[in-house]
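Please keep the sequence open while you go through the points.

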Amino acid sequence: MTFVYKSDPVRGLEWARLFAEQAPDIPFRIWPDIGDPSDVRYMAVWEPPEDLAGRFPKLELVFSAGAGVDQFPFHILPDTIPLVRMIEPGLIASMVDYVTLAVLTLHRDLLTYISSQREAVWNPIRVYPASRRRVGVLGLGNIGRAAIERLRSIGFVCSGWSRSRTEIEGVTCYAGSAELHTFLATTDILVCLLPLTPETRGILNREVFSALPRGASVVNAGRGGHLVQEDLLAALNSEQVSAAVLDVCDPEPLPSDHPFWRHPRVLLTPHVAGMTQPETAVAAVLDNIRRHREGRPLNGLVDRSRGY
Ligand code: NDP
Ligand code: OXD
């Protein structure tokens with residue numbers, strides 16, 4: 001009943017140590033050293049091999065090495081084998097840190113100060129309290145809700161938008177496309193924490209930017225496919241959108257001549273907003289293996305018809 005890990009090999013060594021300590025009965029292997037494929041029961045993988053099910057005939061359970069599963073082609077996995085996305089506190093905490101950093105960067109006009117500094121210009125801008133800034137979060141899942149909790153503790157006024165109706169105390173929550181525009185109209189800093197699905201692809205587009213108050217700003221820590229890049233450039237150029245913090249783009253990496261690299265009102269990071277942390281991820285994975293063995297519900301089971 002081997003567990004195969006196919007993702008960042010450096011963190012894989014930490015997974016191996018943690019498995020040896022906490023689950024010595026489960027042989028742990030790092031791709032491509034997989035041993036006998038017919039011994040493999042479990043796998044944690046970011047980009048799966050095309051012939052996944054054929055190569056591992058006794059596979060019982062597959063974990064995405066991250067929270068997203070848009071990189072996973074569902075058709076290669078029979079419906080009988082559950083696919084589980086990563087829900088683990090270390091990854092969530094790193095995402096919350098990034099979203100906080102991005103929102104504060106925009107709230108405190110840091111991109112303007114970086115440009116001013118390069119030009120040796122002393123240019124103070126009026127400071128407003130966080131309580132005057134409305135942050136709207138697209139996606140109220142594990143990460144969106146945790147980010148809102150932190151932002152509210154700083155004083156930001158938060159609202160959120162999701163597919164199904166969600167209630168969060170002290171937060172105005174909107175649901176479905178019918179309520180998207182009302183949500184956007186009251187959002188100064190828009191944060192995308194959605195999964196990438198056919199419904200959410202291209203959601204950060206001209207129509208959405210126009211529905212924001214003039215001068216609003218945008219954070220995308222979901223997926224590059226959420227953003228229509230030319231629409232953001234147009235919105236930045238017309239100053240409908242004042243600035244953007246982007247952790248994800250399409251393609252990754254962006255070509256070196258892409259205008260985002262040098263745009264003074266874009267802050268770009270190389271898809272590092274959150275990272276699965278071995279210590280907490282291994283605990284979450286082992287918990288799910290126990291659940292699977294005992295026939296209990298899995299935490300983070302992907303609904304392939306919804307795409308997340
Ligand atoms: P969850 O599955 O827990 O939450 C997803 C949320 O998005 C839910 O609230 C869901 O609504 C909502 N949603 C999905 N589809 C729609 C839709 N069509 N319209 C409105 N709302 C929708 O995901 P996580 O919070 O764990 O992760 C979110 C995403 O963050 C990941 O899928 C990934 O893309 C991104 N991510 C990025 C990282 C980075 O480093 N940049 C790292 C980790 C994650 P409902 O509640 O109704 O289901
Ligand atoms: C994830 C990611 O989905 O790192 O976990 O993007």
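1. How far is an oxygen atom of ligand 1 from a polar backbone atom of Leu 194? The model is predicted, so local features need pLDDT of at least 70, side-chain atom pairs count only at pLDDT 80 or more, totals for chains, interfaces and linings use all residues, and side-chain values use heavy atoms, with hydrogens and water left out. Residues are numbered from 1 along each chain as its sequence is written, while chains are lettered from A and ligands numbered from 1 in the order in which they are written.

2. The distance for Leu 194 is 3.3 Å, which falls under the heading of a polar contact (a pair of N or O atoms within 3.5 Å). An oxygen atom of ligand 1 also lies 2.9 Å from an N or O atom in the side chain of Asn 142, and a nitrogen atom of the ligand is 2.9 Å from a polar side-chain atom of Asp 247.

3. On its own, ligand 1 has 950 Å² of accessible area, and the protein covers 93% of that (Shrake-Rupley method, 1.4 Å probe).

4. Domain 1 (2-88 + 276-294) and domain 2 (91-268) both give residues to the shell around ligand 1, so the ligand lies between them; these bounds come from an automatic or database domain assignment.

5. A search of the whole structure finds zero disulfides (pairs of cysteine sulfur atoms within 2.5 Å). The sulfur of Cys 173, for example, is 10 Å from the closest cysteine sulfur, in Cys 158, which is too far for a bond.

Key. A polar contact is a pair of N or O atoms within 3.5 Å; within protein, one must be able to donate a hydrogen and the other to accept it, and residues adjacent in sequence count only if both atoms are side-chain atoms.
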